[in-house]
Amino acid sequence: MDASMLAYSTPSSMLETAGKQDEVIRLKAALNEKDMELIELREQHMQLVVRSQEARANWEAALDTKDRAITQLEEALESSKRALEAAHRQAAAVQNDAGVAMSAAQGKVQALEAALAEAHATVTQQSDAMSDQTRQLEAARHATSQEGAAADARVRALQQELASCQVQQGQAQRELSQLRAMAAEKDERLADAAGGE
């Protein structure tokens, strides 16, 4: 009677063990899929970091170019101012000279004033262009930073899912081990019962 009951209970345990094995296989497949997603997101994150670094390098290079251009234009402007002041002094010194000399000096002063105005306009135009470029680079850097933050959040979420899958897999493995031990114990009892008969 006891041997008959053990004979009927063994296939049920085997079915339960097979079910646990299927669950472990499904969990391993889900874990592998999450690992692939995590690897892909990490690659995207690294690409965003590289893009952010490149954008920052371009932004810094543009700022450096802007600073150099402004410095050069300011030096040119200062040189023009000094030349204009010298021309004014020269014009004051020759006020009592002949009309021809005065006209020449005034022409030089006018030419220098025109050059000064042109240099000032160039400085203003260059500064406006650099300001526009700086705003564009700042906007690009901000957008890249937001993309990087979103990728980081996704990576953290996947890591949490991965940890949950690993916990479930561990539980399933432990349950499977217990079922295998129970099945082995029942098989041993059946063997003992058969030997006793």
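1. In what follows, a residue is called buried under 20% relative accessible area, exposed over 50%, and partly exposed in between (1.4 Å probe, protein chains only). The model is predicted: local features need pLDDT of at least 70, side-chain atom pairs count only at pLDDT 80 or more, and totals for chains, interfaces and linings use all residues. Residues are numbered from 1 along each chain as its sequence is written, and side-chain values use heavy atoms, with hydrogens and water left out.

2. Overall make-up. The protein has two helices and zero strands; helices (H or I, at least four residues) and strands (E, at least two) are DSSP runs, numbered from the N terminus. Of its 197 residues, 23% count as buried.

3. Surface and contacts. About 13400 Å² of the protein is accessible surface, and carbon and sulfur atoms account for 53% of that; the areas come from the Shrake-Rupley method with a 1.4 Å probe, and for residues only the protein chains shown count as cover. When contacts (heavy atoms within 4.5 Å) between residues at least 6 apart in sequence are considered, 90% join residues at least 24 apart.

4. Salt bridges in general. Side chains of opposite charge can pair when their charged atoms come close. The criterion used here is a side-chain nitrogen of Lys or Arg within 4 Å of a carboxyl oxygen of Asp or Glu. Seven such salt bridges are found in the whole structure.

5. A pair between the helices. Glu161 and Lys34 form a salt bridge in which the closest N and O atoms are 2.6 Å apart. This pair links distant parts of the chain, with Glu161 in helix H2 (residues 99–196) and Lys34 in helix H1 (residues 2–93), 127 residues apart. Glu161 is partly exposed, at a relative accessible area of 30%.

6. A pair within helix H1. For the salt bridge of Glu60 with Arg56, the closest N and O atoms are 3.1 Å apart. Glu60 and Arg56 are about one helical turn from each other because they are four residues apart in helix H1. Glu60 is partly exposed, with a relative accessible area of 39%, and Arg56 counts as partly exposed at 39% relative accessibility.

7. Glu185 forms a salt bridge with Arg189, with 2.7 Å between the closest N and O atoms. Both residues lie in helix H2, four residues apart, or about one turn of the helix. Glu185 is partly exposed at 38% relative accessible area, and Arg189 is partly exposed at 45%.
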